[in-house]
Amino acid sequence: LSDLQRGGLLAERHTSTLLDIMSRTVGERLSLFLPPGTKVHHKTGTLLGGQSVSVNDIGVFMLPGGAPVVIAVYIADSPVSVSHSTRDRTIGHITRAIYDYFQFKAER
């Protein structure tokens, strides 16, 4: 994803197309608690398996200064009794913690 974001993986038009598709992903796992206007390119996934559910979101978000942060969060074998919104919020909180870490680090 780092290479994709930097344009070093595909031709420019293909990079632009792929990032555009990723920016329209339905679901707000990574972006749920990021500040409004934060650019996010991501792809979610869900795997239902009997008594458990696994969810993920992988992508890249941009810090206010323009630096990209690549992230992948995977929650495996979550009991079906846990709500989808709880899993989504968990991914959102993890993403926000990473966002805040890089914001704090940049201020040092």
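In this predicted model, Thr 15 lies within helix α2, which spans residues 12-23. With a relative accessible area of 7%, Thr 15 counts as buried, because burial is taken to mean a value under 20%. Leaving aside residues up to four places away in sequence, Thr 15 touches Leu 4, Gly 7 and Leu 10.

Leu 1, by contrast in topic, belongs to the segment that precedes α1 (2-6), and its relative accessible area of 33% makes Leu 1 partly exposed. Together with Ile 58 and Val 70, Leu 1 forms a nonpolar patch on the surface, and the accessible area of these residues together is about 210 Å².

Turning to the strands, β1 (residues 40-49) and β2 (residues 52-62) run antiparallel and are joined by ten bridges, one part of this pairing being Leu 48, whose bridge partner in β2 is Val 53. The two strands form a hairpin with two residues between them, and Gly 50, in the turn, has a positive phi of about 70 degrees.

Taken along the principal axes, the C-alpha atoms fill a box of roughly 40 × 35 × 20 Å. Of the 108 residues in the protein, 31% are buried, while the protein exposes about 6,700 Å², of which carbon and sulfur atoms supply 56%. Among contacts between residues at least 6 apart in sequence, 43% join residues that are at least 24 apart.

Note on methods. Residues numbered from 1 in each chain as written. Predicted model: local features only at pLDDT ≥ 70, side-chain atom pairs only at ≥ 80, totals over all residues. Heavy atoms only, no water. Pairing = 2+ DSSP bridges. Helix = DSSP H or I, 4+ residues; strand = E, 2+ residues; numbered from the N terminus. Buried < 20%, exposed > 50% of the residue type's maximum accessible area, 1.4 Å probe, protein only. Contact = heavy atoms within 4.5 Å. Patch = residues over 30% accessible without salt bridge, like charges linked within 9 Å, V, L, I, M, F, W, Y side chains within 5 Å. Areas by Shrake-Rupley, 256 points an atom, 1.4 Å probe, with all protein chains shown as cover. Salt bridge = Lys/Arg side-chain N within 4 Å of Asp/Glu carboxyl O.
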